Amino acid sequence: MGDIGLPTATAQSVVSSSTAIQPPAKNKLFLGTFIHSKTLAKLEFLHNAAVAVNKLGTIVAVSPDTDFAKAQNSLLPQLKWASDDTEITAAKPGQFFFPGFIDTHLHASQYPNVGLFGNSTLLDWLNTYTFPLEASLSDIPKAQKVYSRVIRKTLSHGTTTAAYYATIDVPATNLLADLCLSLGQRALIGRVCMDQLGPTYYLDESPAESITKTKECIQHVLAKDPKMELITPIITPRFAPACSAPLMKELGQLARETDLPVQTHISENKNEIALVASLFPDAGKSYAEVYDTFGLLTDKTILAHAVHLTEKEADLVKKRKSKVSHCPCSNSAITSGAARVRWLLDKGIEVGLGTDMSGGYSPSVLEAARHAVLVSRHICMDEGSSEERDKLSVEEVLHLATRGGAKVVGMEDKIGGWEVGKEWDAQLVGLHEVDSEDDGDEEGNVDVFGWESWEEKVAKWVYNGDDRNTKKVWVRGRLVHERR
Ligand SMILES: [Zn+2]
């Protein structure tokens, strides 16, 4: 990264992160069934397999047909790992390991408002519910309470990576970064930039102030995690209506100079699109062109929603290699519309899933996955749809939740599946087996009778699963959540 005149880190850390990026104490060996996405339409099932994870949290071996005895007698000696320096986790029968979910779009600051949207749509929802709550998080103890909870809650649902929007407040945004480090969640941390549209009590005073504060947050994250091993700063213009042309121009310049990722919203709601057209009459004809004019459509840009993009806009997004975060819960909840995911995928645009809390009401990427299925069916029911082809399958939405999300956040080399060299960001999933009523496990909402295929078990999990099925969660090899 070149010299961009970042100020030196001054923000006080509220949370100790001294143990944050420490490698796990022991080598780890996982035994059982491993499921991950192989291609958009296909899951791969590895049964009776072993995955070895070194002390840095990196997968160093994926070994099929390896039971406990074979692991002890063959795999550990091959790796030159002593058994007393290796922690073994075996999935119980019926349990499986699945890559951690990647939430490509959510607002940490809005978590207390999940479920609160009434009958609002985007612009009135912002004023009624969102801006007052976000502004209140400049109260650091309140921010600490909210941010700790949202990280713990999303981890408990298997979200190992989150692309967060915080607020405009620098200390609170830095606190979110510190908490992700200490609680062990991989995250992109965005200080929200907005110098217009918001209420006077919740706005950056000028483009210059917005840039200075953004640089302070970038500097803080880089001071805490210089190699961006767990947390990454992300440049975050809230959305075009909330950012003046000079601010967006400077943010585009900052993205170019730092090569950092960018996140924003696009084409969520028809009134919002009309507002963009009225606010930026000279910048371009469309919402996407407004961002492009200011250099904000990069190959590291995450565009949330993309519900009403035109053909030409989608072509521009593809050309710039920008990514899309599909947020079906939010799009239904605040009546935004149905994003045409198949159409985006057919164009070659990378798509991941986002919960978009609190436009979306659920912290669960699994919930987003099942809503992605349902929204795709609503598209099929619309006249003029290509019908069957528009439907998304269970396999496809799980791909979006893992591999797709990894591409959207630019980490496809690190996370999303079980390949040697990737990091162990994983969840252990357990479904209730009807025949084992008294084994002490929490039942949850999914009943398995014993005659289901593995594909059927996964489908049952997608449609009826929740955090009760997420037994353990690891990020970079570190156990970050365990259900007791
Ligand atoms: Zn959002």
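## Salt bridges in the chain

A salt bridge here is a side-chain nitrogen of Lys or Arg within 4 Å of a carboxyl oxygen of Asp or Glu. In this predicted model, Lys 55 and Asp 85 form such a pair, with their closest N and O atoms 2.7 Å apart. Because Lys 55 lies in the loop between strand 2 and strand 3 (59-63), while Asp 85 lies in the loop between helix 1 (68-79) and strand 4 (86-90), the pair ties together parts that are 30 residues apart in sequence. Lys 55 counts as partly exposed at 31% relative accessibility, and Asp 85 is partly exposed as well, with a relative accessible area of 24%.

By this rule the count comes to 26 salt bridges. One of them joins Lys 347 to Asp 315, with the closest N and O atoms 2.8 Å apart. This pair links distant parts of the chain, since Lys 347 sits in the loop between helix 11 (341-346) and strand 15, and Asp 315 sits in helix 9 (residues 311-320), 32 residues apart. Asp 315 counts as partly exposed, at 38% relative accessibility. Glu 396 forms a salt bridge with Arg 342, where the closest N and O atoms are 2.9 Å apart. Glu 396 belongs to helix 13 (residues 394-408) and Arg 342 to helix 11, so the pair ties together parts that are 54 residues apart in sequence. Glu 396 counts as buried at 9% relative accessibility, and Arg 342 is buried with a relative accessible area of 9%.

## The zinc site

The zinc ion is coordinated by His 105 (NE2), His 107 (NE2), His 265 (NE2) and Asp 356 (OD), at 2.0 to 2.3 Å. Along the sequence these donor residues follow the spacing H-x1-H-x157-H-x90-D. The angles among the four donor atoms run from 86 to 168 degrees, and the site is irregular.

His 105 counts as buried, at 1% relative accessibility, and Asp 356 counts as buried at 3%.

The domain assignment gives domain 1 (27-99 + 417-482) and domain 2 (101-408), and the C-alpha centres of the two lie 30 Å apart. The contact between them takes 34 residues from domain 1 and 28 residues from domain 2. About 2500 Å² is buried between the domains, of which carbon and sulfur atoms give 59%. On the domain 1 side, Leu 40, Val 462 and Tyr 463 lose the most area to domain 2, together 26% of what that side buries.

Four salt bridges are counted between domain 1 and domain 2.

## Surroundings of Asn 48

Asn 48 has its place in strand 2 (residues 42-53) and counts as partly exposed, at 41% relative accessibility. Not counting residues up to four places away in sequence, Asn 48 touches Gly 32, Thr 33, Pro 64, Asp 65, Thr 66 and Asp 67. Asn 48 and His 399 are 351 residues apart in sequence and, C-alpha to C-alpha, 23 Å apart in space.

Key
Residues numbered from 1 in each chain as written. Predicted model: local features only at pLDDT ≥ 70, side-chain atom pairs only at ≥ 80, totals over all residues. Heavy atoms only, no water. Donors = N, O, S within 2.8 Å, 3.2 Å for Na, K, Ca; no water. Tetrahedral: all angles 85-135°; square planar, octahedral: opposite > 155°, others 65-115°. Buried < 20%, exposed > 50% of the residue type's maximum accessible area, 1.4 Å probe, protein only. Domains from an automatic or database assignment. Contact = heavy atoms within 4.5 Å. Buried area = accessible area lost by both parts, 1.4 Å probe. Helix = DSSP H or I, 4+ residues; strand = E, 2+ residues; numbered from the N terminus.
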